[in-house]
Amino acid sequence: MAFNQNQIEWNNGQLITLGQGDTAICKGNLNNGQLYCLFFYNSAGNDASTIVNVVWSNSEPPIQVNVPGTTQQQGLASLCFVDGSQTNTVSASVTHGNQGAKIQAFICSVKMPMGNSGINNQQLPLDGNQHDFNKFTRYYAVPASHWYSGQIQSDINQFICVQFKEYQAVVYIVNQLVDPSTVIKYAGNSKDLVTVQSSTTQSISFNFQGNAGQQYVWMNADSVQNSGDASIVVQSLSGLTV
């Protein structure tokens with residue numbers, strides 16, 4: 001039996017769909033000094049898990065990312081972090097053995113995705129008010145050089161958000177029930193650049209400091225269902241520069 005093989009240009013990190021035999025390539029577009037994360041959602045609707053092979057180096061074996069099966073596109077994302085200081089190119093493939101596979105994928109960082117990406121890209125007001133945190137929503141802000149307090153809230157178990165700051169990331173898990181290592185993978189030394197923080201309650205709080213105009217990004221990594229009641233709030237703790 002002959003299979004079609006489709007190669008997808010992924011240089012903008014835009015939202016794409018990978019099927020059986022497909023490969024997406026982001027070629028030469030990862031920046032030195034930036035951390036990236038590949039997000040994978042299983043949208044096949046047949047409750048069958050799919051393995052996505054992430055290639056980031058010719059001398060290292062592919063990272064195998066398991067994307068758990070789900071129905072009605074209600075699953076959370078599987079994540080794979082990649083260090084732009086180790087590679088400027090990354091690809092994601094679904095092999096022919098994954099019959100009926102359908103994976104939605106995009107790349108996120110302080111840079112990506114770019115252009116008409118299919119991602120809801122919004123500036124986050126740092127006003128102390130709650131803002132809805134829906135699926136495929138990427139919030140960004142450029143905090144001033146002082147301290148801020150943030151909080152992510154969700155009534156649903158295992159709600160996940162990724163916070164990016166240039167060369168670092170924090171994975172926040174609200175209402176954690178299970179070990180997240182099954183859905184979070186790392187290429188090369190990227191694990192040293194990622195911190196995982198979790199809570200067993202319906203919210204998680206955090207502090208951070210703005211620095212010389214650096215951009216922060218918060219990306220939802222959960223399902224439509226789980227994101228229905230999710231919110232994020234950030235407020236300034238001081239008007240003084242440091």
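**Ground rules.** I am working with a predicted model, where local features need pLDDT of at least 70, side-chain atom pairs count only at pLDDT 80 or more, and totals for chains, interfaces and linings use all residues. Residues are numbered from 1 along each chain as its sequence is written, and side-chain values use heavy atoms, with hydrogens and water left out.

Entry: I looked up Ser91 and found it in strand β8 (residues 90-93). Helices (H or I, at least four residues) and strands (E, at least two) are DSSP runs, numbered from the N terminus. Is Ser91 buried or exposed? Ser91 is buried, because its relative accessible area is 11% and buried means under 20% (exposed is over 50%, partly exposed in between; 1.4 Å probe, protein chains only). Leaving out residues up to four places away in sequence, I see Ser91 touching Thr23, Ala24, Ile25, Asn53, Val54 and Val55; contact means heavy atoms within 4.5 Å.

Ala24 came next, in strand β3 (residues 23-26). Ala24 has a relative accessible area of 0%, so I note it as buried. Beyond its neighbours within four places, its contacts include Ile8, Trp10, Val90 and Ser91. I also checked Ala24 against Asp47: they are 23 residues apart in sequence and 23 Å apart in space, C-alpha to C-alpha.

**Entry: aromatic rings.** How many aromatic pairs does the structure hold? I noted twelve. Rings of Phe, Tyr and Trp (its six-membered ring) pair if their centres lie within 6.5 Å; planes under 30 degrees apart count as stacked, over 60 as edge-to-face and the rest as tilted. Phe81 and Tyr186 are a stacked pair, 5.8 Å centre to centre with 15° between the planes. This pair links distant parts of the chain, with Phe81 in strand β7 (residues 78-83) and Tyr186 in strand β16 (residues 184-186), 105 residues apart. Phe81 is buried, because its relative accessibility is 0%.

Tyr172 and Phe206 are stacked as well, at 4.5 Å centre to centre and 20° between the planes. Tyr172 lies in strand β15 (residues 168-174) and Phe206 in strand β18 (residues 203-209), so the pair ties together parts that are 34 residues apart in sequence. Both Tyr172 and Phe206 are buried. Ring pairs also join these two with Tyr148, Phe208, Tyr216 and Trp218 in a cluster.

**Entry: the largest pocket.** Which residues lie nearest its centre? I wrote down Gln163, Lys165, Gln168, Phe208 and Tyr216, out of 17 lining residues. The elements giving two or more residues to this lining are β14 (159-165), β15, β17 (194-198) and β18. A pocket here is an open set of points on a 1 Å grid over the protein atoms alone, where a 1.4 Å probe fits, with protein on both sides within 12 Å along at least five of seven lines; lining residues have an atom within 4 Å of a point.

**Entry: backbone details.** Most residues other than glycine have a negative phi, and most peptide bonds are trans. Pro113 is in the loop between β9 (102-108) and β10 (120-123). Phe136 is not a glycine, yet has a positive phi of about 60°. Phe136 sits in the loop between β11 (131-132) and β12 (137-141).
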